[in-house]
Structure formats: C-alpha cells, structure tokens
Amino acid sequence: MKRYNLLIVLLLLIFNVATAQKKKNSPAADLSMLKETKTKIENTVPLVIKHLQTIADKEGDNSIVTNGKVALGKEYGIIESEWFLYRNNMKNCILNNSSKKAKKCMEYHTLYLRNTFTNYSNYITNLTRKNGYLGVEGDTKFDFKPADITTKLSEAYFSASDAAGRMKGDQKKDFLGQTMSDDNKLTPFGQLAQ
C-alpha cells in the first residue's frame, strides 16, 4: 500500500513540475507580452516627433519640435516610471501573497497602469489628430490601445502566477525576476527622440 502512495506522490510531483515548466515556456507564462508592450510604447515617440517636425516645417519654426520634445519627454517619463513600478509590483504580488490576494493585488496594479496608459494615449492622439495643431493634415495611427495591452498583460501575469505557484523558492524568484530585466526596461526618451 505504501508503495502505491509513494508512486502516486511521485507521479503528481513529476506532473506538477512538467506542467510548471510547460507553462513557463508558453508565451503567456514567459511574459513575452512585456517586450511587446515595451515596443509599442517606444514606437509612439518617433511618430509624434515626425508629426511635430511636419508642423515645424510648415510653420518654419523649429521651436515647435524642441518644445514638443520637452512636453512629450515629460509624458514619456510618467509612462517610464509607471512601467517600472507595474512590473515590480506585479512580481511582488505573486511572490508575497496567497493566490487570492495576489489576484486582487495584480488587478489593482493593472487598473492603475491602464489609467496611466490611457492618459498617455489621449495626449499623443490629441497632439497628432487630423486637423489638429495649426491645421496640419494627417492622422497618425498608433499601435497603442491601453485596454488591449493591459488585458493581455493581465492574462500573462495570471498565467505566470499559476506557473510560479507550482515552482519552489529560487526557481520561482528567477522566473519572476525576468520581469525586471533590462530587456523589458523602456529605452530612455533621449535615445528615442534623436
């Protein structure tokens, strides 16, 4: 009888480790959405600057680009700090809470990020909309939809939380530590705005 119990426990352990590894390597559990979001945020900067340059060329006033970069840099800075906080807070929600508390914690931080993304989206959309500033034609399209992005991020973190729940100690910390890697950090505004 004890042999069968031991065999069952061993099989369950192997299944849990295999499932955790499988989830870890899945797109959601490996948090690939972080890199995708980073790229979407960074791609907004050159589009806005291009629009500002069009205005400056039409008006013959390069201070439009200079002042616009300063204003955009401030908005980007808000996104940059919130993006850092979001990744760190989500990691800590999973590491430091039971699954029920982690879910509430993650929902809170995702909602806050969504609000910050929405403010940024409104800013860049209003700045570049058709017949906007000084009547410059054109309607810059951004691949930046806060609701879609935060929904996918939330799903990725919930999957990661499930996978991490089946991991132990250092493996769990290493897995969740990838959220704070330099690969997921936003490129500084100065480098994007050249």
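Is Lys 40 buried or exposed? Lys 40 is buried, at a relative accessible area of 15%, where buried means under 20%, exposed over 50% and partly exposed in between (1.4 Å probe, protein chains only). Keep in mind that this is a predicted model: local features need pLDDT of at least 70, side-chain atom pairs count only at pLDDT 80 or more, and totals for chains, interfaces and linings use all residues. Residues are numbered from 1 along each chain as its sequence is written, and side-chain values use heavy atoms, with hydrogens and water left out.

**The chain overall**
- You're looking at 7 helices and 0 strands, with helices (H or I, at least four residues) and strands (E, at least two) taken as DSSP runs numbered from the N terminus.
- Out of 194 residues, 38% are buried.
- Among contacts (heavy atoms within 4.5 Å) with a separation of 6 or more, 78% come from residues 24 or more positions apart.

**Salt bridges**
- The whole structure has 3 salt bridges, each a side-chain nitrogen of Lys or Arg within 4 Å of a carboxyl oxygen of Asp or Glu.
- Lys 40 pairs with Glu 36, with the closest N and O atoms 3.8 Å apart; both sit in helix 2, 4 residues apart, about one turn of the helix.
- Glu 36 is partly exposed, at 35% relative accessibility.
- Lys 40 also meets Asp 143 (3.8 Å, N to O). Asp 143 is in the loop between helix 4 and helix 5 (146-165) and Lys 40 is in helix 2, so this pair ties together parts 103 residues apart in sequence.
- Put together, Glu 36, Lys 40 and Asp 143 form a salt-bridge network.
- Lys 38 and Glu 42 make a salt bridge at 2.8 Å, N to O, and both are buried.

**Helix 3 against helix 4**
- Helix 3 (residues 63-96) packs on helix 4 (residues 99-128) at about 170°, axes 10 Å apart. The axes are lines fitted to C-alpha atoms over the stretch in contact, and angles run from 0 to 180 degrees between N-to-C directions.

**Lys 50**
- Lys 50 belongs to helix 2 (residues 33-59) and is exposed, at 60% relative accessibility.
- Lys 50 and Ala 193 are 143 residues apart in sequence, yet 9.9 Å apart C-alpha to C-alpha.
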